[in-house]
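Morning, everyone. Please bring up the sequence and the structure, and we will walk through them together.

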Amino acid sequence: MKVFVAVKRVLDYNVKPRVKPDGSGVDLAGAKLSMNPFDEIAVEEAVRLKEKGIATEVVAVSCGVAQSQETLRTAMAIGADRAILVECAEELQPLAVAKLLRALVDIEKPSLVILGKQAIDDDCNQTGQMLAALAGLPQATFASKVEVVDGKATVMREVDGGLETLQLVMPALITTDLRLNEPRYVTLPNIMKAKKKPLQVLKPSDLGVDVTPRIRTVKVEEPPRRGAGVKVADVAALVEKLKNEAKVI
Amino acid sequence: MQRTEILERYGPRESMDYDVVIVGGGPAGLACAIRLKQLAAHFGKETSVVVLEKGSEPGAHILSGAVMDPRALTELFPDWKERGAPLNQPVTGDDVLILSARRAWRTPDALVPASMLNHGNYVVSLGAVTRWLGDQAASLGVEIFPGFAAAELLYDEQGAIAGVATGDMGIGKDGQPHAGFQLGMALQGRYTILAEGARGHLGRQVIARYGLADGRDIPSYAIGIKELWELDPKQTDPGRVIHTAGWPMDRETFGGGFLYHLEGGRATLGLVVGLDYRNPWLSPFEEMQRWKTHPRIRSILEGGKRIGYGARAINNGGINALPRLVFPGGALVGCEAGFMNAARIKGSHAAIKSGMLAAAAAFDAMELGRQHDELAAYPRAFEGSWLADELQRSKNFKPWFKKGFWTGTVMTGVEQWLLPKLGVAVPPWTLHNKVADHTRLQPAARSARIDYPKPDGSLTFDRLSSVFVSNTNHEENQPAHLTLKDPSVPVRANLARYAGPESRYCPAGVYEFVHEDGRDRLVINAQNCVHCKTCDIKDPTQNIVWVTPEGGGGPNYAGM
């Protein structure tokens, strides 16, 4: 059974994002970029399936700039067997990524596709769902537990009211939530081994996909700074302030 | 669980053999790696070189002004411009200012020593330069492993250094391995080059073990605290380099401010404070915040926005405080040895040069089939280099300032301005430093308390909001990497006698004395640590020992 894992290179979660002075986007110059944490969970889950003897091959895929190769090397250091990069220097929006991944799914025909539920840079939470629709795969999003038996995936997912369990007939698609697993440390020997694993680089045109952005970014700005708090004397004063100053009740 | 016990249970470590193992992916370590590969390519040899970097990527832990003298870089890569090195902003002018609390006097150009003039140099982000050096090294075939800290020295049977081991990952706060535990890895090298920066923790062990500092001057240090600002477009002046002396430092405390205008409407600025300061109430962090309120500095920053923060200890003992540069199995390069030129307020050129010299010595030795011995050719080559010549000229800089601000200023004027005009490059006299920084503190009771103004949140800041913009993080569940030889000393000695100076000299708020249930206790917030090593240097009882945390932890400086 082949497992496909999609990974994205994003601004590292430790780094405080900074908006460019002209408001055109987040300034990535000189900042550390690393694998989207939800994708790391996706890779870990796929590798665990392989270690359990359920998956036979784990393929990591990324779409983006040439440096995304580093992110794919990390995926292979966690345990993916090989990697594919669809290299594109232009902005890639979720629909374009979903189309690129769909083209790869058509070629590679994996039994299971695992993605992070969303990327921590744009927080779109769209690619997995779009890919499932385009590729005609059953989907289970926000997975917190995955079991694969006899061509079926049983997925526990986190929903507003609690936990929901779905059973999917494979090939299927899963997006990961935070509690699915705790990714392992990437070890130095495994990084060394990952350098020798195969990494294929394609262009969007090789897959016949038009990646022209459909959405235009009008403006990016930081959230307004929170003012200092005040202490109120009693409940009446609190209610008065909430009503007339904050205008929330 | 002790390291030996962990090794017994989980070992042995996986091991890899290299020709040269380099600890630290800064300018010195990367220049050394690049030179080795260049020499190997030139002579058609296969030389394997590995660089370990504790930061999450090359440059993540680099903190420097920085005005860069391109001399050494040009020797390393004559075509650095074509290769896209991020030296984009030539220095356009120097202002050397003497500050009082309200006023600023600009030193006339004719009186500024040549060592302080930066014509031909560049205002850079040394972090960006380091990232670029990392890319160059990787493209030459150097194996760089960021996120892995060299935690332990490995010895051969003769007692020579034979490589390093990376730290174990996944040891909990309680010292016990947890579910994700991964044993470190051994990297064996014919030669091991230590390039950890000032006060490296493996370097300290090597210096002590092989007596490398015997007969040399006591090294002295400073702490540099820096911020990166995006300026109001009206205030930009790309390439202008400003240095200040005087206020807010008192007459007996060594220190000075810097403000360099970068390209792209940014400025990098900060304050350097000598760690030989005497008053335990002094807080370098707050002095730096206060320095920004000087009318001359405030006027530049108003309307701007702070976007980065960081701090790092700097060595400024000069050439006479350099330890012996080689030991059986390896060498010290860059700030690990202490090549910084304090009089010129720069050291990246010296770091690169020293890395290149060590590389040449190691390459020649390996050509002869040697390993694990002393690379005597490296200190010899250094003695004959322009770098030694340059450092000789400013050998007395810091020692003079140990005698106070006016003596330091006048004698620096004599040595750096007057004597060169008379044709004397190297002062005919030598001052020696015999006092370690940590011994200089006076008891708090005999020192004047300093009350610092409260931060305003737009020009001046507190420690925690500052650490926030350094993007510092450490895995929470790990033993504190700031270790105490004796846990009772902080309260018994440091707090009682010196009013807990660690809570003030630490620029990241790691050390906090709390009073609970009638008792004092030291809390160590190790996650905040920006790896500046100041505590390791200044702790009056030398009770604090800085060791490497899990690799990848620490600051993630961007554009610094």
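**Where the chains meet**

In this predicted model, 33 residues of chain B are in contact (heavy atoms within 4.5 Å) with 21 residues of chain A. Phe145(B), Phe148(B) and Asn471(B) supply 21% of the area that chain B buries against chain A, more than any other three residues. Buried area here is the accessible area (1.4 Å probe) that two parts lose on being put together, summed over both. The two chains bury about 2200 Å² between them. Carbon and sulfur atoms carry 59% of that.

A word on conventions. Residues are numbered from 1 along each chain as its sequence is written, and chains are lettered from A and ligands numbered from 1 in the order in which they are written. Local features need pLDDT of at least 70, side-chain atom pairs count only at pLDDT 80 or more, totals for chains, interfaces and linings use all residues, and side-chain values use heavy atoms, leaving out hydrogens and water.

Now the charges. How many salt bridges are there between chain B and chain A? Three. A salt bridge is a side-chain nitrogen of Lys or Arg within 4 Å of a carboxyl oxygen of Asp or Glu. One of them joins Glu230(B) to Arg18(A), at 2.7 Å, N to O. Which strand gives the largest share of the side of chain B that touches chain A? S12(B), with three residues. Strands are DSSP runs of E, at least two residues, numbered from the N terminus.

Notes. Helices (H or I, at least four residues) and strands (E, at least two) are DSSP runs, numbered from the N terminus.
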